Each structure stands twice: as C-alpha cells, then as structure tokens.
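Me: Could you show me the sequence and the structure? Then I'd like to go through a few questions together.

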Amino acid sequence: MKKFGIQDKVGYMLGDLGNDLFFIMASNFLIVFYTNVLGLSGAVAGTLFLVARCVDAFTDISMGRIVDTFRPARDGRFHPWIRRMAFPVVLAGILLFIPGAQNLPYGWKLVYVYVTYLLWGSICYTGINIPYGSMASVLSEDPVHRTSLSTWRSIGAAIAGVLIGSGVPFIIYAYDPQGNQMVLGERFFPLAIALGVGALICYFLCYKMTTERVKSSPNQTRVSLGRSIVGMAHNRALLAIIAAAIVLLLS
C-alpha cells in the first residue's frame, strides 16, 4: 500500500471543495432564488431552514450509525459512500434551482421547496458528508497526518467560498437601464448544472486520490440510540466541543 502523502491531502481537499460548491451556493443564494424567483416570503424560507435543521439532528446521527455498523466494502468503510452518493447529491442539488417552479400554484411551490431541500440537505448531503468527514480517521494512523487533513479540508472550503462568493453575483445579478438591481432567475439552473459537473469531478478525484489504510471491522456491539445519548450527556469534553460548535455556527 502506498504511503500517505500529498496525493491524499489534495484528494481530501477536493472532497470538501465538491461538497461546498453546492453547500455554499445553497447557503448564500438559495434564499435569493426562493424570494426573488419563486416569490416566497423570507419567513417561509426561514421556516424551511429551521425545519431542515431539526430533521438533520436525526438524519446526521442515523447516517453515522449506518456507516459504523455496515461491513466495509472492498474499497474501504467510507470510500464506498463517496462513490454511491456523489451522483445523487449532485442531482438533488440541481433540483433545488428549477426555474419552472415559479409557475406552480403557491401550495405546490411549498411542496417543491420542502421536498427538494430536505432531499438534498437532510438525506443526500448527509449521506456523503458524514462518511467524508469520518474518512480522515482511516487515511493514516499518524495523528499529525490527520491534523494536516483538517487543514487541507479547510483549504478546499476556502476555495469554494471564494469561487461562489465572488463569482456567482456576477452571473445572477444585473442592472436595468434605470440602474436598479435585478435577479436573473433563468441563470440559476445552468449555473447549478455547471456546479454539479465540478462537484462530480471533485468527488471522483477524492475517491481516486485517497486510500484507506486503517482497517476496521463493523461494530459488533449493538448500542441503542438512547444509550448513546446518555453516554454523550456524561462526556464533558464532547459537550464542550458541541457548545463551541454551536457558538461558532450561530456567529
């Protein structure tokens, strides 16, 4: 087996770049699409995001338990999920920005945004992001190597942030002859397709360039979700990390 090196680091970075192409696009501009193109109110969009975060509280834990208990495939424990979920998460991301949805009756618009957003964020994105994040623990046994993977992952997120944050406004915004800013709703869908192609390339390279070196068997100890939660409640270090993460995300 080849040694851990720069190929693994770049490959792992590309995985987060693929994730964040759609994640940052949805975080920054999905509400623009909902309000300016579909004609929904900010309150409706905000309620959707709140409901989705509540659903994520269960789907994230469920995906973690699925990955932990499934028997590893020939290509490892976490790599198969990159391969299985790459196309579904990209397809679900593209479905978020269908411009024809603006012609639906209001009730069907609500159905459309709830179904597509929960499908993308709470199911497909969770299905690839949880295994991807956990994959760093099996690329090397060396804690220094694992720390470096976290750094390279941050680089991937930063690249996606620059690309989306600085590039997308030039595509979706324009000015009329009177100088008023307007949103070009018809450009969201081809932009989503382009981001999807880029994400698929990143996922493919992440899968090919990284190698799982730490082998493990499925967890044979069947611990109920209730016992897991009780154990978390008594883990002071974990609670401190959770509190810090909540403060960071809220800020």
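**Cysteines, salt bridges and burial**

Me: How far is the sulfur of Cys202 from the closest cysteine sulfur?

Reply: Happy to start there, with one caution: this is a predicted model, where local features need pLDDT of at least 70, side-chain atom pairs count only at pLDDT 80 or more, and totals for chains, interfaces and linings use all residues. Residues are numbered from 1 along each chain as its sequence is written, and side-chain values use heavy atoms, without hydrogens or water. For Cys202 the closest cysteine sulfur belongs to Cys206, and the gap is too far for a bond: 9.0 Å.

Me: Which cysteine has the sulfur closest to that of Cys54?

Reply: The separation here is 20 Å, so it is too far for a bond. The partner at that distance is Cys124.

Me: How many disulfides does a search of the whole structure find?

Reply: A disulfide is a pair of cysteine sulfur atoms within 2.5 Å. For the whole structure, the number of disulfides found is 0.

Me: Is Cys202 buried or exposed?

Reply: Buried means under 20% relative accessible area, exposed over 50%, and partly exposed in between, with a 1.4 Å probe and protein chains only. Cys54 has 45%, so it counts as partly exposed. Cys202 has a relative accessible area of 9%, so the word for it is buried.

Me: How many salt bridges does a search of the whole structure find?

Reply: Side chains of opposite charge can pair when their charged atoms come close. Here a salt bridge is a side-chain nitrogen of Lys or Arg within 4 Å of a carboxyl oxygen of Asp or Glu. One of these pairs is Asp75 with Arg83, at 3.1 Å from N to O. The count for the whole structure is 4.

Me: Which residue meets Asp8 in a salt bridge?

Reply: The N to O distance in this pair is 2.9 Å, and the partner of Asp8 is Arg213. The pair links distant parts of the chain, since Asp8 sits in helix α1 and its partner in the loop between α6 (188-209) and α7, 205 residues apart. Helices are DSSP runs (H or I, at least four residues) numbered from the N terminus. Both side chains belong to buried residues, Asp8 and Arg213.

Me: What separates Asp56 and Arg53 in helix α2?

Reply: The side chains of Asp56 and Arg53 meet in a salt bridge of 3.0 Å, N to O. The two residues are 3 residues apart in helix α2, so the separation is about one helical turn.

Me: Are Asp75 and Arg83 buried or partly exposed?

Reply: This pair is the one with the 3.1 Å bridge. Asp75 has 23% relative accessibility, so it is partly exposed. Arg83 has 45%, so this residue is also partly exposed.

Me: Where does Leu225 lie?

Reply: Leu225 has 38% relative accessibility, so it counts as partly exposed. The element that holds Leu225 is helix α7.
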